[in-house]
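Here is my note on the side-chain contacts. Please read it beside the model.

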Amino acid sequence: MFARIIRGWADANDHMLRNGKAVAGALQKKHYPQATIADIEEALAAQKMFSSREWKRLYADGSVARWLQQVSDFFLTEVSIAPATPATQYFDPSLYLATV
């Protein structure tokens, strides 16, 4: 079940990267009629989006786990949350890596 969800997300993500104009048009029509397509294209371009191939590399080299750890560290430091579980103990990239 999770593999199908991951595969669907990866396919949709790559579609967005390959078809920016069509995606902007669909978003404008279905969800943001008050915005212009140019504004939506600009918002999409301002994001750092990774392809499935790039995500796979970031999962494999530990970057994603390090990013999650930075978020945990922020909350530990800034919000004084009790000791948290390290990201490497709750985040398992193996399903994504096996699927994509």
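Which residues make a nonpolar surface patch of about 440 Å²?

1. **Surface patch.** Val71, Phe74, Phe75, Val79 and Ile81 make it. Patches are built from residues with over 30% relative accessible area and no salt bridge; nonpolar side chains (Val, Leu, Ile, Met, Phe, Trp, Tyr) are joined within 5 Å, like charges within 9 Å. Areas come from the Shrake-Rupley method with a 1.4 Å probe, and for residues only the protein chains shown count as cover. Phe75 sits in helix α5 (residues 63–78). Helices are DSSP runs (H or I, at least four residues), numbered from the N terminus. Phe75 counts as partly exposed, at 37% relative accessibility. Buried means under 20% relative accessible area, exposed over 50%, and partly exposed in between.

2. **Basis.** This is a predicted model: local features need pLDDT of at least 70, side-chain atom pairs count only at pLDDT 80 or more, and totals for chains, interfaces and linings use all residues. Residues are numbered from 1 along each chain as its sequence is written, and side-chain values use heavy atoms, with hydrogens and water left out.

3. **Aromatic pairs.** The whole structure holds nine aromatic pairs. Rings of Phe, Tyr and Trp (its six-membered ring) pair if their centres lie within 6.5 Å; planes under 30 degrees apart are stacked, over 60 edge-to-face, the rest tilted. Trp9 and Tyr96 pair edge-to-face, at 6.3 Å centre to centre and 65° between the planes. Trp9 lies in helix α1 (residues 2–18) and Tyr96 in helix α7 (residues 94–99), so this pair ties together parts that are 87 residues apart in sequence. Trp9 is partly exposed at 40%, whereas Tyr96 is buried at 5%.

4. Phe50 is buried at 15% relative accessibility. Trp55 is buried at 18%. Ring pairs link Trp9, Phe50, Trp55, Tyr59, Trp67, Phe91 and Tyr96 into a cluster.

5. **Salt bridges.** The count is three. The rule asks for a side-chain nitrogen of Lys or Arg within 4 Å of a carboxyl oxygen of Asp or Glu. Arg7 bridges to Asp11, with the closest N and O atoms 3.1 Å apart. These two are four residues apart in helix α1, so about one helical turn separates them.

6. Lys21 and Glu41 meet at 3.2 Å, N to O, in a salt bridge. Lys21 in helix α2 (residues 20–30) and Glu41 in helix α3 (residues 37–46) are 20 residues apart, and the pair links distant parts of the chain. Lys21 is exposed at 65%; Glu41 is partly exposed at 24%.

Key
Buried < 20%, exposed > 50% of the residue type's maximum accessible area, 1.4 Å probe, protein only.
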